[in-house]
Protein chains: 2
Amino acid sequence: MRSSDLPEVRALGLFNSMGEENFEALMQAAYLQTFPPQLDLVHEGDPADFLYVVIEGCVELYANANRREATMAMVHPVSPFILAAVLKDAVYLMSARTRARSKILLIPSEDVRSIFELDDAFARAMVLEMAGSYRYVIKEHKGLKLRSSVERLANMLLRQDHEFGDGSGTFDLPYDKRTLASLLGMTPENLSRAFNTLKPYGVEVDGTTIRLTDIKALKTLAKPTPLIDDPKT
Amino acid sequence: MRSSDLPEVRALGLFNSMGEENFEALMQAAYLQTFPPQLDLVHEGDPADFLYVVIEGCVELYANANRREATMAMVHPVSPFILAAVLKDAVYLMSARTRARSKILLIPSEDVRSIFELDDAFARAMVLEMAGSYRYVIKEHKGLKLRSSVERLANMLLRQDHEFGDGSGTFDLPYDKRTLASLLGMTPENLSRAFNTLKPYGVEVDGTTIRLTDIKALKTLAKPTPLIDDPKT
DNA sequence: CGCGGGATTGAGATGCATCAAGCAAAGTGG
DNA sequence: CCACTTTGCTTGATGCATCTCAATCCCGCG
């Protein structure tokens with residue numbers, strides 16, 4: 001792999017505390033590849049052969065059943081994904097595909113597990129990484145069980161504005177609407193209608209850019225809570 | 001704490017590999033208490049002061065928002081819960097209450113974290129515990145997003161029969177129907193109706209006991225998949 | 001025997017999905 | 001440069017799934 005990519009991988013929470021020789025051993029075994037968009041990296045049910053780390057681009061985690069499909073999460077640089085399956089030496093529970101041209105690091109599962117046994121700092125970093133992922137899914141699950149689709153959309157907009165907005169209330173949607181809909185647990189048609197029902201609350205939609213002109217009103221409807229919407233805790 | 005309880009705690013995956021002196025230090029700091037049913041142990045949003053381990057009885061994890069409530073999971077002996085919040089030194093994302101008279105071990109968070117730093121085997125055990133919990137929630141989330149309520153019920157019945165049945169197709173529901181409904185993401189009324197729509201598929205309900213007389217038909221409807229329904233992987 | 005809580009049933013409203021067009025912006029190829 | 005497809009989004013009409021509210025039932029328990 002290119003040495004210019006090493007520092008940013010090394011800087012990752014998962015890798016920044018482990019021993020130098022173990023890190024090098026991992027990178028020695030790893031492959032760095034660039035994939036085109038819409039390429040399937042992982043299929044649910046397959047044995048977990050690799051741990052993946054998104055270095056550049058974007059990866060969608062999704063799942064199928066009953067001839068339905070649901071987007072489970074989007075992974076952005078620089079983050080690992082499907083860590084749990086690798087650790088447990090089990091099958092993947094989710095599929096993964098690139099959503100943009102993406103540079104991705106593939107580390108063979110066996111190497112991850114053997115370094116996990118060898119390097120105590122790496123093991124501890126894994127716990128925190130797993131704990132973060134766990135809490136993310138719990139929040140998603142709470143949102144799905146406790147909120148209506150309009151509320152989920154409203155909260156997503158508020159979060160997006162807060163995290164990525166410049167303070168003006170204007171920002172761009174992070175993905176196309178079809179993906180957003182699936183991520184929020186609804187159909188594209190319904191997302192469209194949900195935007196309409198949010199119009200009286202100061203939500204202006206122009207293609208992929210959003211303007212929130214009445215955040216107070218939107219919050220009244222969305223009733224955000226850090227126990228679902230705070231990505232940090 | 002009573003020494004007669006130590007062996008079963010020690011036998012837990014989370015504790016069985018750690019050093020003896022560290023285990024004793026943890027137990028030294030811990031409290032073992034028996035609680036009556038329906039007692040609130042933990043409220044979401046509170047800082048994570050303790051790691052809990054159910055020794056006897058049963059604990060419900062639930063969450064509130066928008067004046068709704070949802071059961072997130074049921075915890076049975078012998079298992080820890082809310083490990084992630086303790087590790088991250090964050091607030092609890094879920095509330096917890098006893099559902100039966102329960103003997104519960106409380107270990108102060110700080111002690112858990114300091115032993116986590118000290119004992120490498122303990123840290124590794126945590127990773128596997130977290131990975132298991134993570135995969136459990138992912139499966140729940142997939143079920144909720146990809147299946148109808150009737151399908152969720154059907155699969156729950158099949159799983160229950162497979163795990164706890166005696167092979168005759170007869171078994172008892174693990175909780176009252178109101179709780180089951182919430183766990184499955186529906187209202188009690190709807191659970192009742194869902195049982196009715198399953199009647200043609202050989203599902204006989206008598207109070208809390210269930211008889212499955214046509215498992216093949218039920219499976220045709222439920223379309224179970226290990227990627228959602230297998231509790232082991 | 002009556003009381004009370006969970007479970008069921010029914011009726012009605014609502015949320016959400018589905019199906020089917022329509023539309024606009026962005027490619028594509030002549 | 002312009003038809004022509006393609007793709008993503010929207011809109012409308014309709015039906016099903018699920019929730020809500022209310023009434024009733026059932027059973028265990030005082």
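This is a predicted model: local features need pLDDT of at least 70, side-chain atom pairs count only at pLDDT 80 or more; totals for chains, interfaces and linings use all residues.
You will find A:Asn155 in helix α6 of chain A, the run of residues 149-164. If you set aside the neighbours within four places in sequence, the contacts of A:Asn155 are A:Arg147, A:Ala222, A:Lys223, A:Pro224 and A:Asp229.

Staying in chain A, let us turn to a pair of strands. Strand β4 covers residues 59-65, and its pairing with β5(A) is antiparallel, over 7 bridges. The two strands make a hairpin with 2 residues between them. In that turn sits A:Asn66, whose phi is positive, at about 55°. Where the strands face each other, A:Ala65 is placed opposite A:Arg68 of β5(A). Strand β5 itself, residues 68-75 of chain A, is mostly covered, with 6 of its 8 residues buried.

Now step back to both protein chains.

With the protein pair in view, we can look at the DNA, starting with strand D. Around DNA strand D there are 15 residues, and those that come nearest are A:Lys177, A:Ser192, A:Asn196, B:Ser149 and B:Asn190. Of the atoms of DNA strand D that come within 4 Å of the protein, 66% belong to sugar and phosphate. Which helices each supply at least two residues of this surface? They are α7 (177-183) and α8 (188-198) of chain A, along with α8 (188-198) of chain B. The largest share comes from α8(A), with 4 residues. Sorted by class, the surface near DNA strand D holds 7 charged, 7 polar and 1 nonpolar residues.

A:Ser192 has a polar side-chain atom 3.0 Å from a sugar or linking oxygen of DNA strand D. B:Thr187 places a polar side-chain atom 3.4 Å from a phosphate oxygen of DNA strand D. For a base, look at B:Arg193: an N or O atom in its side chain is 3.0 Å from a base oxygen of DNA strand D.

DNA strand C comes next. It too has 15 residues around it, and A:Ser149, A:Asn190, A:Arg193, B:Lys177 and B:Asn196 come nearest. Sugar and phosphate make up 66% of the atoms of DNA strand C that lie within 4 Å of the protein. Here α8 of chain A, α7 (177-183) of chain B and α8 of chain B each supply at least two residues of the surface, and α8(B) gives the most, with 4 residues. The classes near DNA strand C are 7 charged, 7 polar and 1 nonpolar.

A polar side-chain atom of A:Asn190 lies 2.8 Å from one, while an N or O atom in the side chain of A:Thr187 is at 3.4 Å. In the case of B:Arg178, a backbone N or O atom lies 3.1 Å from a phosphate oxygen of DNA strand C.

Conventions. Residues are numbered from 1 along each chain as its sequence is written. Chains are lettered from A and ligands numbered from 1 in the order in which they are written. Side-chain values use heavy atoms; hydrogens and water are left out. A residue is near a molecule or strand if one of its heavy atoms lies within 4 Å of it. A polar contact is a pair of N or O atoms within 3.5 Å; within protein, one must be able to donate a hydrogen and the other to accept it, and residues adjacent in sequence count only if both atoms are side-chain atoms. Ala, Val, Leu, Ile, Met, Phe, Trp, Tyr, Cys and Pro count as nonpolar, Asp, Glu, Lys and Arg as charged, and the others, Gly among them, as polar. Buried means under 20% relative accessible area, exposed over 50%, partly exposed in between (1.4 Å probe, protein chains only). Two strands pair if DSSP finds at least two bridges between them. Contact means heavy atoms within 4.5 Å.
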